[in-house]
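Dear colleague,

I am handing over the structure below, and after it you will find an account of what turned up when I went through it.

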Amino acid sequence: MGLTVMILGLILFLGVHTLTTQRAARAKVIASTGEGGYKIGYSLASAAGLALIVWGFANYRATGWINVWYPPTAMKHITVALMLPAVILVVAAYIRGRIYTTLKHPMLAGIKLWAAAHLLANGDLGSIILFGSFLAWAVFDRITLKRRTDGGGPPIPVGGPGNDLIAVAVGVIAYLALAFAFHPVVIGVPVVGA
């Protein structure tokens, strides 16, 4: 039951996010619902999909765990190490500096790194589906970005190296919060000593 709910959540969440890559289809939705309607629908569908993913994965972990392979313990340590740059990259998508201009799409780079790192440390079916789906979506989205003719949303100003320092500082704080508060409390898996 949990895996089914999680998969439905992934279809909803990633499906809505994939709509943004399909510019003609997105334009038709905006034309029929208006910009505000599109944004509200997008937000509600994303939130519902995320809720289904979280609930489904939690239920799967509690009742239907299916091991596919058993990663070596070293993989967990590699994942912990890779998560710091992954979080910094996501932050750098919003606090734009040289990291942003170098990578062009640090959010997608961060998601790919997050997903790949978690695939290294988790050998169960639910994790493979969850993180594999996000990795595949991020790769697909990055490929479509190369082919899009429009720039997307309004431009966000890009700063200099000072913004990078802020992104790194905020990223480190967010990483520590995720590792020591969010992950053990919400996910139920301690990062350190796991």
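In helix 5, the buried residues are Pro106, Leu108, Gly110, Ile111, Ala115, Ala117, His118 and Ala121. Please keep in mind that this is a predicted model. The cover over these buried residues of helix 5 includes helix 3, helix 4 (98-103), helix 6 (125-147) and helix 7 (161-187). Helix 5 itself has 16 residues, and from its first C-alpha to its last it reaches 23 Å, which is close to the 22 Å expected at 1.5 Å a residue.

Turning to one of these neighbours, helix 3 (residues 73-92) packs against helix 5 (residues 106-121) at an angle of about 165°, and their axes are 8 Å apart. Because angles over 145 degrees count as roughly antiparallel, helix 3 is roughly antiparallel to helix 5. The crossing in which helix 3 passes helix 5 is left-handed. On the side of helix 3, the residues that make the contact include Met75, Ile78, Leu82, Pro85 and Leu89, while those of helix 5 include Pro106, Met107, Leu113, Trp114 and His118. Taken together, the residues of this contact between helix 3 and helix 5 divide into 17 nonpolar, three polar and one charged.

A last point concerns Ser127, which lies in helix 6. Ser127 counts as buried because its relative accessibility is 2%, where the cut-off for buried is under 20%. Leaving aside residues up to four places away in sequence, Ser127 touches Phe57, Tyr60, Leu119, Asn122 and Gly132.

Key: Residues numbered from 1 in each chain as written. Predicted model: local features only at pLDDT ≥ 70, side-chain atom pairs only at ≥ 80, totals over all residues. Heavy atoms only, no water. Axes fitted to C-alpha atoms, helices over the stretch in contact; angles between N-to-C directions. Helix = DSSP H or I, 4+ residues; strand = E, 2+ residues; numbered from the N terminus. Parallel < 35°, antiparallel > 145°, perpendicular 65-115°, else oblique. Left-handed = near helix turned anticlockwise from the far one by under 90°. Contact = heavy atoms within 4.5 Å. Nonpolar A, V, L, I, M, F, W, Y, C, P; charged D, E, K, R; others polar. Expected span 1.5 Å × (residues − 1). Buried < 20%, exposed > 50% of the residue type's maximum accessible area, 1.4 Å probe, protein only.
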